[in-house]
Amino acid sequence: MYELISIQDRSRWKKILDTVHVTDIYYTNQYFLGALKLDPGEAWLFHYKDVDGEVIYPFIKRPVNEVGTPFYDVTTPFGYGGPLFKVEKNCANLAANFRKAFESYCQSEKIIAEYIRFHPLKENASYFQNSMKVSPLFETYTINLKNKKALVEKKIKNKNLKNINSADLIVKKLGTVRHMFEFLVLYYAAARRREEADSYYFFTNDYFETLISSMGSDLHLFGAYHEDKLVSACYVLAMGDTIFYHLEGSLTKEYSESTMQTLLLKIAEWGEENYYSFFHLGGDFQGDVTNDKHIKKEIANCEPNIFYIGQQIHDQQNYDKLVTIEEEDIIRRYRNI
């Protein structure tokens with residue numbers, strides 16, 4: 001059996017997450033409020049339950065055509081997501097029966113396609129390797145904030161760098177509202193430098209305003225100053241025991257390369273002081289050759305986790321008629337920055 005919970009039913013949504021002990025920020029009702037600004041549609045939480053356990057799967061249902069019989073697709077929002085399992089007996093049976101129930105739901109709702117950004121820390125892509133097309137995109141990196149010895153070594157190494165990091169850089173925790181427009185200047189400067197970036201990733205002011213109002217105290221902003229000028233900044237999401245790198249911006253490419261390591265390590269230090277256990281730095285698309293990727297790999301102290309995307313066509317005939325997106329465009333569209 002399954003239950004569908006609308007984003008409007010905030011209390012029920014939260015109760016389901018609490019029931020299956022989910023504290024990950026990407027599954028929360030408030031995160032989806034901001035995500036709907038990027039992927040307009042309807043947000044739902046699909047809650048499946050049988051003798052083998054429970055599955056939760058929040059997604060966005062989007063229209064794919066404007067005329068004729070309405071058809072839809074479903075997607076997880078920017079970030080990470082996908083089904084999460086609370087197994088009581090047989091995991092394989094739970095996964096198989098959940099997929100049957102969800103496919104039946106898609107058929108009844110005229111949902112022709114499904115796209116999933118799986119969660120690298122939950123490793124939930126492994127449940128679906130045989131039931132849909134699952135593609136690995138890149139490695140993601142994490143700092144274990146409880147590994148104090150490794151964290152201290154990273155900080156010492158960073159202080160010894162002969163560049164702007166060690167000389168004149170000051171990192172501050174900033175007000176998410178007060179400094180939003182200063183951040184946007186840096187964010188759009190960085191976005192324009194990414195020649196390969198899809199226009200999807202030029203997030204509007206409306207997105208950031210909704211993100212700030214919906215996430216409240218779970219959203220944090222850190223900025224790096226050089227000679228009293230804000231040159232780099234980064235929004236992070238924090239809930240449960242984990243901090244997630246979300247979006248960043250830098251005034252120039254040179255500042256991005258010079259300040260990123262110091263900025264991330266200062267956030268890690270703040271996380272350690274505030275009793276978080278992990279700081280997930282994310283990664284970058286494998287086709288991009290950027291310094292950021294090497295920096296994140298360098299300061300991580302955990303084994304990397306793979307970021308996967310999943311795709312399943314539920315109605316091939318109507319998909320071929322209505323959707324023109326190519327395979328490489330799907331990969332671009334569901335990357336994370």
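How many salt bridges does this structure have, if a salt bridge is a side-chain nitrogen of Lys or Arg within 4 Å of a carboxyl oxygen of Asp or Glu? The count comes to 8 salt bridges. Before we look at some of them, a word on the ground rules. This is a predicted model, in which local features need pLDDT of at least 70 and side-chain atom pairs count only at pLDDT 80 or more, while totals for chains, interfaces and linings use all residues. Residues are numbered from 1 along each chain as its sequence is written, and side-chain values use heavy atoms, with hydrogens and water left out.

Let's start with helix H1, residues 10–19. Helices (H or I, at least four residues) and strands (E, at least two) are DSSP runs, numbered from the N terminus. In H1, the residues Trp 13, Ile 16 and Leu 17 are buried. Buried means under 20% relative accessible area, exposed means over 50%, and partly exposed is in between, using a 1.4 Å probe and protein chains only. Look down the axis of H1 and the buried residues fall within an arc of 100°, so they line one face of the helix; the arc is that of the directions from the helix axis to the C-beta atoms. Here's the background: an α-helix has 3.6 residues a turn, so residues three or four places apart point the same way. Turned away from the buried side of H1 is a face with the exposed residues Ser 11, Lys 14 and Lys 15. The cover over the buried residues of H1 includes strand E1 (2–6), helix H2 (29–35), strand E2 (42–50) and strand E3 (53–63), where contact means heavy atoms within 4.5 Å. Just after H1 comes His 21, with a positive phi of about 60°.

Now back to the salt bridges. Arg 12 pairs with Glu 3, and their closest N and O atoms are 2.7 Å apart. Arg 12 has 25% relative accessibility, so it counts as partly exposed, and Glu 3 is partly exposed too, at 26%. Glu 114 and Arg 99 also form a salt bridge, at 2.7 Å from N to O. Glu 114 sits in strand E6 (residues 111–117) and Arg 99 in helix H3 (residues 91–108), so this pair ties together parts that are 15 residues apart in sequence. Both Glu 114 and Arg 99 are buried. Glu 269 and Lys 266 make another salt bridge, with their closest N and O atoms 4.0 Å apart. These two both lie in helix H8 (residues 253–273), 3 residues apart, or about one turn of the helix. And Asp 39, Arg 62 and Asp 73 are linked in a network of salt bridges.

Next, follow strand E10, residues 229–239. Why call it largely enclosed by the rest of the structure? Because 10 of its 11 residues are buried. E10 pairs in the antiparallel sense with strand E9 (residues 219–226) over 8 bridges, and also with strand E11 (residues 242–250) over 8 bridges; two strands pair if DSSP finds at least two bridges between them. E9 and E10 form a hairpin with 2 residues between the strands, where Glu 227 takes a positive phi near 55°. The hairpin of E10 and E11 also has 2 residues between its strands, and Gly 240 in that turn has a positive phi of about 65°.

What about the inside? A nonpolar core is a set of buried Ala, Val, Leu, Ile, Met, Phe, Trp, Tyr and Cys residues joined through side-chain atoms within 4.5 Å. The largest one has 50 residues, of which Ile 56, Phe 183, Phe 203 and Phe 208 touch the most other members. Helix H6 (residues 180–193) gives this core its largest share, 6 residues. A second, separate core has 26 residues, including Val 171, Cys 234, Leu 281 and Ala 300. If you leave aside neighbours within four places in sequence, Phe 203 is in contact with residues including Leu 38, Phe 78, Tyr 187 and Phe 208. Phe 208 belongs to helix H7 (residues 205–215), where it is buried. The cover over the buried residues of H7 includes H2, H6, E9, E10 and E11.

Finally, the cysteines. A disulfide is a pair of cysteine sulfur atoms within 2.5 Å, and this structure holds 0 of them. Cys 234 is buried at 0% relative accessible area, whereas Cys 302 is partly exposed at 26%.
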